[in-house]
Amino acid sequence: MTAPTRPIVVSGMRPTGRLHLGHLHGALSNWVKLQAEHDCFFFSADWHALTTNYAQTAAIKTAEREMFVDFIAAGIDPARATLFVQSQVKEHAELALLLGMITPLGWLERSPSYKEVRENLTDRDLALYGFLGYPVLMTADIILYKATRVPVGADQVAHLELSREIVRKFNGHYGEVFPEPKPMLTEAAKVVGTDGRKMSKSYNNSIELGEPAESTRTKIMGAVTDPQRKRRQDPGDPEVCGIFYLHKIYSDAATVAWVDQNCRSAGIGCVDCKKKLLEKLEPDQERMREKREALLARPGDLDELVAIGNAKARGVAEATMAQVRAAMKL
Ligand code: TRP
Ligand code: SF4
């Protein structure tokens with residue numbers, strides 16, 4: 001009897017810093033759910049990190065370790081999902097090079113994130129071949145495993161559209177080797193940072209995964225709420241408040257309803273509301289912190305687990321590349 005085939009899922013993250021609650025509720029908790037019914041490959045996109053961080057490469061490997069620890073602390077089970085490192089599976093580079101031969105420059109230059117990131121990161125030169133080719137490498141990452149589903153945020157959908165076009169072009173030239181990957185849009189819980197903007201490391205408004213209880217508390221107690229609610233007796237609008245979004249993630253339905261009503265009627269103050277949130281948030285942070293520390297205390301185990309993932313990914317990648325070389329008559 002052959003094992004029933006499960007849909008293949010691939011997703012990656014760039015190891016550029018510690019993960020925060022935005023990553024946890026925006027992506028990771030969805031990955032955790034997916035591993036039950038899909039063959040999941042989750043990887044560190046360390047080569048992709050170079051596209052913008054080519055001048056600070058020393059921080060990448062440290063960030064990668066922390067990132068894998070965060071994955072596991074969040075509930076990714078390395079026995080079920082394959083965790084690996086992009087640069088440890090050289091086939092990613094080979095396939096990206098081959099895809100580059102058929103990817104029109106115009107497709108890459110029109111990519112919205114290419115334009116956007118170039119405009120936003122003005123502190124460094126991004127008129128670079130590697131940066132322009134970001135979506136080509138990303139396509140290789142995905143199709144090397146013949147993934148059909150790719151859980152990503154809305155900002156990556158344009159990249160995946162490009163991936164599908166590259167796949168169609170490849171299959172048109174050389175035969176049906178690859179399925180077209182589709183984005184799985186995470187119905188991402190919205191996570192707002194302590195300043196009321198989207199939670200992001202570059203805004204310095206984030207709460208790290210497993211951040212100690214005291215500093216989680218300090219950040220929450222100091223966080224911006226409904227800016228219109230200046231005094232305790234002013235009614236508030238929970239829909240514009242980041243604390244309310246966190247309640248929706250961490251608290252039960254009755255508590256969320258309690259916040260919703262009492263915020264609008266000024267029945268509670270923001271301090272009460274935040275303390276209520278911390279009753280749930282702090283233990284969860286504590287749980288992840290303990291898990292993180294246990295993992296970091298056994299670096300050999302972590303290395304071994306990633307080595308196993310690398311080997312598994314390599315096996316799949318080698319088989320695909322054999323097909324690719326045959327299809328291309330190389
Ligand atoms: N581009 C993704 C990001 O910045 C990271 C990434 C690289 C990725 N390769 C991928 C995501 C393949 C999904 C599939 O978030
Ligand atoms: Fe936000 Fe709660 Fe204050 Fe309302 S009461 S503004 S939801 S912190």
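Student: Which space is the largest cavity?

Tutor: Please keep in mind that this is a predicted model. The largest cavity is the space taken by ligand 2.

Student: Which residues are around ligand 2?

Tutor: The residues around ligand 2 are Thr225, Asp226, Arg229, Cys241, Ile243, Phe244, Val259, Cys263, Cys270 and Cys273. Sorted by class, this shell has seven nonpolar residues, one polar residue and two charged residues.

Student: Now I would like to turn to a helix. Which residues are buried in helix 4?

Tutor: The general idea comes first: an α-helix has 3.6 residues a turn, so residues three or four places apart point the same way. In helix 4, which covers residues 91-100, the buried residues are Glu91, His92, Leu95, Ala96, Leu98 and Leu99. Seen down the axis of helix 4, these buried residues fall within an arc of 165 degrees, so they line one face of the helix.

Student: What covers the buried residues of helix 4?

Tutor: The cover includes helix 2 (46-53), strand 3 (82-85), helix 8 (134-143), helix 9 (157-174) and helix 14 (299-327).

Student: How should I read phi, and what is the phi of Asn204?

Tutor: Most residues other than glycine have a negative phi. Asn204 has a phi near 60 degrees, which is a positive value in a residue other than glycine. Asn204 is found in the loop between strand 5 (182-185) and helix 10 (213-221). Asn204 and Thr194 are 10 residues apart in sequence, and from C-alpha to C-alpha they are 8.6 Å apart in space.

Student: Is Asn204 buried or exposed?

Tutor: Asn204 has a relative accessible area of 71%, and because exposed means over 50%, Asn204 is exposed.

Student: Where is Ala266 found, and is Ala266 buried or exposed?

Tutor: Ala266 is found in the loop between helix 12 and helix 13. Although Ala266 is not a glycine, its phi is positive, at about 60 degrees. Ala266 counts as buried, at 15% relative accessibility, because buried means under 20%.

Terms used. Residues are numbered from 1 along each chain as its sequence is written. Chains are lettered from A and ligands numbered from 1 in the order in which they are written. This is a predicted model: local features need pLDDT of at least 70, side-chain atom pairs count only at pLDDT 80 or more; totals for chains, interfaces and linings use all residues. Side-chain values use heavy atoms; hydrogens and water are left out. A residue is near a molecule or strand if one of its heavy atoms lies within 4 Å of it. On a 1 Å grid over the protein atoms alone, a cavity is a set of points where a 1.4 Å probe fits but cannot get out, and a pocket is an open set with protein on both sides within 12 Å along at least five of seven lines; lining residues have an atom within 4 Å of a point. A molecule sits in a cavity or pocket if more than half of its atoms lie within 2 Å of its grid points. Ala, Val, Leu, Ile, Met, Phe, Trp, Tyr, Cys and Pro count as nonpolar, Asp, Glu, Lys and Arg as charged, and the others, Gly among them, as polar. Buried means under 20% relative accessible area, exposed over 50%, partly exposed in between (1.4 Å probe, protein chains only). Helices (H or I, at least four residues) and strands (E, at least two) are DSSP runs, numbered from the N terminus. The arc is that of the directions from the helix axis to the C-beta atoms. Contact means heavy atoms within 4.5 Å.
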